Amino acid sequence: MIYDTNLLIGHIRERSLPPLQTIISIVVVGELEAFSLKADWGAQKIDFMRYLIDRYPIGDIEFDIIPVYAQLDAFSQGKLKTAPLNYSARNMGKNDLWIAATALYLDMELHTTDNDFDRTGGPASPNVRIALSKALIIMQTTLEPQTSFEVTNKGFYGHFGGAFIPEMLYPNVEELRQNYLSIIADPAFQAEFWQLLEDYVGRPTPLFLAKRLSAKLGATIYLKREDLCHTGAHKINNTIGQILVAQRLGKKRIVAETGAGQHGVATATVCALMGLECIVYMGSIDMERQKPNVDRMRMLGATVVPATSGSQTLKDATNEAMRHWINNPVDTHYIIGSVVGPHPYPDMVARFQSVISGEVRKQLFAKTGSSNPDYVVACVGGGSNAAGAFYHYLNEPSVRLVAAEAAGQGVTSGHSAATTALGKPGVLHGSRTILMQTEDGQVIEPYSISAGLDYPGIGPLHAHLFESGRGDFYAITDDEALEAGFELSKLEGIIPALESAHALAALAKMNLQPDDVVVVCLSGRGDKDLSTYSKFL
Amino acid sequence: MTLTQNRITDLFATKSERLLNVYFTAGFPYLDDTMTVLRGLQAAGVDLVEIGMPYSDPVADGETIQHSNERALDNGMSLKTLFSQLADCRSATSGEPVTVPILLMGYINPVIQFGIENFCKKCQEVGVDGVILPDLPLDLFLDEYAPIFREYGILNVHLITPQTAESRIRLIDEESDGFIYMVSSASITGSVKGVSDSMRTYFERINAMNLRNPRLIGFGINNHETFDMASQYANGAIVGSAFIRHLAEKGTSAESIRAFVETIRA
Ligand SMILES: Cc1ncc(COP(=O)(O)O)c(C=O)c1O
């Protein structure tokens with residue numbers, strides 16, 4: 001589709017990106033540059049504009065567009081003999097005509113909110129008519145309120161998100177909010193980020209056709225092998241991004257929370273890589289059940305501090321990390337491990353994790369000739385691997401997004417972490433989202449066999465996917481996850497993390513059809529869970 | 001915004017020095033201690049009282065207040081119970097009427113679940129004058145909640161910290177009524193950082209801004225010296241964790257509370 005200038009200005013204002021398939025006409029580029037001068041945009045906004053322009057193919061004015069332009073121009077003034085206008089002629093802006101001609105020539109939809117294009121409707125030569133009526137239809141549909149999955153500049157996804165933080169955290173979070181987009185857009189940042197993902201993390205991770213699993217389930221199942229990332233899970237995509245942001249903000253120390261220890265290990269790893277001090281808070285109960293990860297973090301030079309308050313698990317570790325940040329506001333950066341927390345964290349983490357679906361699109365295209373599967377499936381603790389796996393498909397309604405939550409011993413057992421099934425809207429760790437809570441608004445301690453899914457909330461993007469119906473949410477019990485973990489091990493020779501096993505277990509519930517193509521995000525490897533698995537051998 | 005009648009604004013209209021605001025957690029140490037402690041503080045002559053609404057995840061609070069919150073929740077404290085405990089506190093039906101200005105302090109989620117409007121209405125009914133909700137940020141408050149608070153005459157007290165930018169302090173001053181809560185240092189409650197030169201510089205900087213609103217300094221005020229020091233730079237101070245520790249150790253009797261207040265004021 002072709003995006004008109006007005007829509008792109010909207011995106012630049014909100015620091016958000018248009019859909020992946022967008023093409024930008026060279027004329028629009030000119031209009032944007034001119035607009036930025038006339039409106040006296042600041043350097044950050046201009047940087048973002050150029051970053052945005054850089055990311056999309058440019059629709060040049062080629063020789064073949066000229067006849068289309070000529071016809072359109074004549075037609076809009078009622079002077080095209082072969083296609084007379086049946087309403088009053090009007091002089092349309094010439095730039096608008098070039099943009100419409102580019103759309104027409106490329107046979108693409110023109111997305112605009114500018115009703116100048118309205119005038120180009122009506123009978124014309126078939127060729128002209130198709131493009132113009134397309135332009136018209138698209139114009140009308142874009143004017144209707146549409147569900148957006150991009151974050152607003154106040155940090156909301158629909159009703160969810162925002163930054164519910166005490167004033168003590170405001171300067172830190174605001175500093176991050178004002179800078180993260182321009183830092184990420186900086187070419188030097190991009191170069192370093194991608195280089196590290198390639199050489200250090202080992203990206204791209206393979207997209208593996210799981211033949212025996214496919215045969216068993218009666219559909220085509222691909223596994224996105226995030227388990228092959230350095231440190232054994234997707235978490236490092238985010239910590240690499242955030243450590244580079246922290247360096248550019250001049251921070252000297254990193255604080256993080258961890259549940260299963262995967263995010264803690266990924267944080268300790270990048271801190272070792274960059275020579276920054278690292279403090280990881282971990283619930284004292286989790287420190288016991290994930291002992292090997294505690295040792296890994298210590299070996300990497302991190303200080304692991306037990307969170308002894310409350311229920312002594314992930315939510316309390318998060319509270320402690322936030323308290324630490326309040327006490328050390330100037331020199332410390334808090335690396336949150338999922339798409340949770342106050343804005344801009346959910347958006348920033350989703351951007352870093354979006355490498356997952358960015359790769360899937362290309363890999364799937366190479367393997368099947370289409371970049372879109374029928375389903376993308378991922379487990380949701382806070383939701384970072386899911387956000388990354390969904391990211392480039394959010395605006396592709398033909399791709400169903402499937403989230404697997406941990407039902408623990410069963411949704412109604414009183415020992416569960418199935419947030420959307422059990423939760424209500426509220427505020428947790430700085431954002432409005434869906435969370436498990438009592439009638440009085442006290443946070444309920446979740447339970448799951450998998451420490452990484454043992455969280456009482458979900459990221460605000462996922463709350464929005466749930467509320468808007470864009471995502472399908474399944475609750476997977478401990479037993480179902482264990483079974484799926486053993487099954488994958490035997491069928492494909494891959495031992496999945498217990499978290500990822502929840503995503504695999506969702507497959508059996510999805511009523512898959514033989515021609516369905518499914519991508520499952522295999523978020524991590526199962527080594528850390530061996531002590532749990534071994535109880536069931 | 002203009003409020004017709006509010007005990008907090010009335011108080012600051014008549015007194016502007018060495019005001020003492022004491023925090024305690026509702027339902028701590030025992031569920032029925034809320035009124036006992038409230039009356040004890042009034043009898044001991046404190047100027048304002050801040051009643052904590054316990055929450056499971058109080059991120060801006062240190063260990064002492066966290067534990068008092070946990071204990072109060074274990075005791076069965078909830079907003080509903082708190083409002084019923086406070087129900088007739090302003091009338092003389094059950095003993096001496098409570099006249100001291102009351103603030104409720106807590107986190108936004110329980111308030112959202114209770115219903116913002118319902119909450120403000122209940123505050124008005126029982127005679128609560130203001131609230132402190134640290135995790136309700138200023139812009140969200142102004143966008144969504146301010147008109148409701150205004151309708152029921154409930155003040156919302158905002159915090160500033162050493163890191164708060166001058167322009168933001170001006171905005172907060174503009175949007176505040178009652179007083180501004182000056183957080184003494186970059187910290188959670190109950191910190192024992194003591195009084196440093198950088199704190200004094202911060203206090204002086206804020207003094208020089210000639211804000212419209214009076215200011216109380218809180219966080220780390222735990223004895224006579226820190227109260228005195230805070231009172232030099234602001235209209236008074238807020239004591240929290242130290243009082244919670246005192247209640248836990250010395251009990252909730254009127255004498256115990258009076259003794260505590262006397263050591264602070266000395
Ligand atoms: C392997 C793995 N998958 C998934 C998760 C859940 O986190 P998220 O929902 O943010 O992807 C974790 C968290 O520790 C994990 O280690």
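In which helix of chain A does A:His263 lie? A:His263 belongs to helix α11, residues 262-274 of chain A; helices (H or I, at least four residues) and strands (E, at least two) are DSSP runs, numbered from the N terminus.

This is a predicted model, in which local features need pLDDT of at least 70 and side-chain atom pairs count only at pLDDT 80 or more, while totals for chains, interfaces and linings use all residues. Residues are numbered from 1 along each chain as its sequence is written, chains are lettered from A and ligands numbered from 1 in the order in which they are written, and side-chain values use heavy atoms, with hydrogens and water left out.

**Interior of chain A**

A:His263 is buried, at a relative accessible area of 4%. Buried here means under 20% relative accessible area, exposed over 50%, and partly exposed in between (1.4 Å probe, protein chains only). The side chain of A:His263 makes a polar contact with the backbone oxygen of A:Ile335 at 2.9 Å. A polar contact is a pair of N or O atoms within 3.5 Å; within protein, one must be able to donate a hydrogen and the other to accept it, and residues adjacent in sequence count only if both atoms are side-chain atoms.

Helix α21 of chain A (residues 498-506) has nine of its nine residues buried, so this helix is largely enclosed by the rest of the structure. Among the buried residues of α21(A) are A:Glu499, A:Ser500 and A:His502, together with A:Leu498 and A:Leu504.

**The ligand site**

The ligand is surrounded by 19 residues, and the closest are A:Ser338, A:Gly381, A:Gly383, A:Ser384 and A:Ser523. A residue is counted in this shell if one of its heavy atoms lies within 4 Å of the ligand. By residue class, the shell divides into six nonpolar, 11 polar and two charged residues. In this classification Ala, Val, Leu, Ile, Met, Phe, Trp, Tyr, Cys and Pro count as nonpolar, Asp, Glu, Lys and Arg as charged, and the others, Gly among them, as polar.

Domain 2 (156-200 + 232-348) and domain 3 (207-231 + 355-534) of chain A both contribute residues to the shell, so the ligand lies between them. The domain bounds come from an automatic or database domain assignment.

| Residue | Protein atom | Ligand atom | Distance |
|---|---|---|---|
| A:His234 | polar side-chain atom | oxygen | 3.0 Å |
| A:Gly381 | backbone N or O atom | oxygen | 2.7 Å |
| A:Ser523 | polar side-chain atom | nitrogen | 2.6 Å |

Taken alone, the ligand exposes 390 Å², of which the protein buries 97%. These accessible areas come from the Shrake-Rupley method with a 1.4 Å probe; for residues, only the protein chains shown count as cover.

**Chain B**

Chain B contains 12 helices and nine strands. Its radius of gyration is 17 Å, close to the 18 Å that the globule rule gives for 266 residues, so chain B is as compact as a globular protein of that length. The radius of gyration is taken over C-alpha atoms, and the globule rule is 2.2 Å times the number of residues to the power 0.38. The C-alpha trace of chain B spans about 45 × 40 × 35 Å along its principal axes. Of the 266 residues in chain B, 61% count as buried.

B:Gly106 sits in the loop between β3 (102-105) and α5 (108-114) of chain B, and B:Gly106 is buried, with a relative accessible area of 0%. B:Gln124, found in helix α6 (residues 116-126) of chain B, is partly exposed at a relative accessible area of 42%. B:Gln124 and B:Asp197 are 73 residues apart in sequence and 41 Å apart in space, C-alpha to C-alpha.

**Backbone geometry in loops**

Each chain has a cis peptide bond to report. In chain A such a bond joins A:Arg203 and A:Pro204, with omega about -5°; A:Pro204 lies in the loop between α8 (187-201) and β7 (207-209). In chain B a cis peptide bond joins B:Phe28 and B:Pro29, with omega about -5°, and B:Pro29 is in the loop between β1 (19-25) and α2 (33-43).

Positive phi values also occur in residues other than glycine. A:Asn511 has phi near 55° and is placed in the loop between α21 and β18 (517-522) of chain A; at 60% relative accessibility, A:Asn511 counts as exposed. B:Asn210 has a positive phi of about 50° and lies in the loop between α9 (197-207) and β8 (215-218) of chain B. B:Asn210 is exposed, with a relative accessible area of 65%.
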